[in-house]
Amino acid sequence: MTTPHPDAAHIAADLDTLLDPAPLRLETGITRLPGGGLIVAARTDLHGCKGRMLDWWFKFFQTTQHIKWWHPQDHVEHLGWDEQWRRGENYIGASIHAVESLADLPPVAAKLKFHAPEDCLDAARLQAATANGDMSAAVYARIGFGGHIKLDANGDPLDGQMIHLARDTPFGCVLRSRFYLGLSSAQPEQDVPDALGLNLLRHCYTEFTFLSRFLPSIYFGEHANGEAIPLPW
């Protein structure tokens, strides 16, 4: 049985704040958990995109070319999904391996294992936010970086957590992203310095800005979710 991280309650409380559409104290920036772990926050406006498109993207991309569309500079190589992933159907429970850089930092291997949003958000608040339109998609994963990623008994990386939470708006959607890093480190301030967090912030904002420029065309071009294509003329 995995021992809960000392900052688990702080992380859970911070995650739940993302369901509130009102301005947060931290929308874009970095701060530290009481135990020294790093919180990285990024807010991105995705013009022309909706939450259902974001959720579908994680069921669609599967090649190095796809992730280079997503971030032409930082995304280096897609090393593959595991057998839990089903294209067009499911990514919950699946793991992905990739190589990417974070702005000025050199490329590094990464592993992400995806979970249902119910695994990290308060069930009642999540249900209410979904029902009243405060949330249209949530992509949550446990994450790890480097050549020797620490895993628990379920194959979840122990280094950190990540969520991308979308709220549909008249122009598209607002995306709030949160990363919690250094959770497996005995000295997180040294292992996960502020500079890394700021580079990750820049990486996250850039990749989702790029994604918003092509995602609607790919979504409708693939006849995703069986939706009718809205013709501009």
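The model is predicted: local features need pLDDT of at least 70, side-chain atom pairs count only at pLDDT 80 or more, and totals for chains, interfaces and linings use all residues. Residues are numbered from 1 along each chain as its sequence is written, and side-chain values use heavy atoms, with hydrogens and water left out.

Helices (H or I, at least four residues) and strands (E, at least two) are DSSP runs, numbered from the N terminus. Strand E7 covers residues 160-169, and nine of its 10 residues are buried. Here buried means under 20% relative accessible area, exposed means over 50%, and partly exposed lies in between, with a 1.4 Å probe and protein chains only.

Two strands pair if DSSP finds at least two bridges between them. Strand E6 (residues 137-145) runs antiparallel to E7, and seven bridges join them. In this pairing, arginine 142 stands opposite glutamine 161 of E7. E7 is also joined to strand E8 (residues 172-181) by nine bridges, again in antiparallel fashion, and here arginine 167 stands opposite valine 174 of E8. The hairpin formed by E7 and E8 has two residues between the strands.

Arginine 178 is placed in E8. With a relative accessibility of 2%, arginine 178 counts as buried. Phenylalanine 210 is 32 residues from arginine 178 in sequence, and their C-alpha atoms are 18 Å apart in space.

## The ends of helix H4

Helix H4 spans residues 123-131, and at its start a side-chain oxygen of aspartate 122 comes to within 3.3 Å of the backbone nitrogen of alanine 124. After H4 comes glycine 133, which has a positive phi, near 85°.

Pockets are found on a 1 Å grid over the protein atoms alone: a pocket is an open set of points with protein on both sides within 12 Å along at least five of seven lines, and lining residues have an atom within 4 Å of a point. A volume is the space filled by probe spheres set on the points, which are joined across faces, edges and corners.

The largest pocket holds about 460 Å³ of space. Of its 21 lining residues, Pro4, His5, Ala8, Arg142 and Gln161 lie nearest its centre. Arg142 and Gln161 are also the residues that stand opposite each other in the pairing of E6 and E7. Helix H1 (8-17), E6 and E7 each supply at least two residues of this lining, and H1 gives the most, with four residues. The lining comprises 11 nonpolar, six polar and four charged residues. In this scheme Ala, Val, Leu, Ile, Met, Phe, Trp, Tyr, Cys and Pro count as nonpolar, Asp, Glu, Lys and Arg as charged, and the others, Gly among them, as polar.

The second largest pocket holds about 390 Å³ of space. Its lining consists of 20 residues, of which Phe145, Asp159, Asp191, Val192 and Leu196 lie nearest the centre. By class, this lining has 10 nonpolar, six polar and four charged residues.

## Salt bridges

A salt bridge is a side-chain nitrogen of Lys or Arg within 4 Å of a carboxyl oxygen of Asp or Glu. The whole structure contains seven salt bridges. The table lists examples.

| Salt bridge | N to O distance |
|---|---|
| Glutamate 27 and arginine 43 | 3.7 Å |
| Arginine 52 and glutamate 227 | 2.5 Å |
| Lysine 59 and aspartate 55 | 3.2 Å |

Glutamate 27 and arginine 43 meet in a salt bridge. Glutamate 27 lies in the loop between H1 and strand E1 (29-32) and arginine 43 in strand E2 (residues 38-47), so this pair ties together parts that are 16 residues apart in sequence. Glutamate 27 is buried, at 15% relative accessibility, whereas arginine 43 is partly exposed, at 29%.

Arginine 52 forms a salt bridge with glutamate 227. Because arginine 52 belongs to helix H2 (residues 51-60) and glutamate 227 to the segment after helix H6 (194-221), the pair ties together parts that are 175 residues apart in sequence. Arginine 52 is partly exposed, at 34% relative accessibility, and glutamate 227 is partly exposed, at 22%.

Lysine 59 and aspartate 55 are four residues apart in helix H2, a separation of about one helical turn. Lysine 59 counts as buried at 17% relative accessibility, while aspartate 55 is partly exposed, with a relative accessible area of 22%. Elsewhere, salt bridges that share partners join Glu27, Arg43 and Arg176 into one network.

Terms used: Polar contact = N/O pair within 3.5 Å; in protein donor to acceptor, adjacent residues only side chain to side chain. 1 Å grid on protein atoms, 1.4 Å probe; cavity = no way out; pocket = protein on both sides within 12 Å on 5 of 7 lines; lining within 4 Å.
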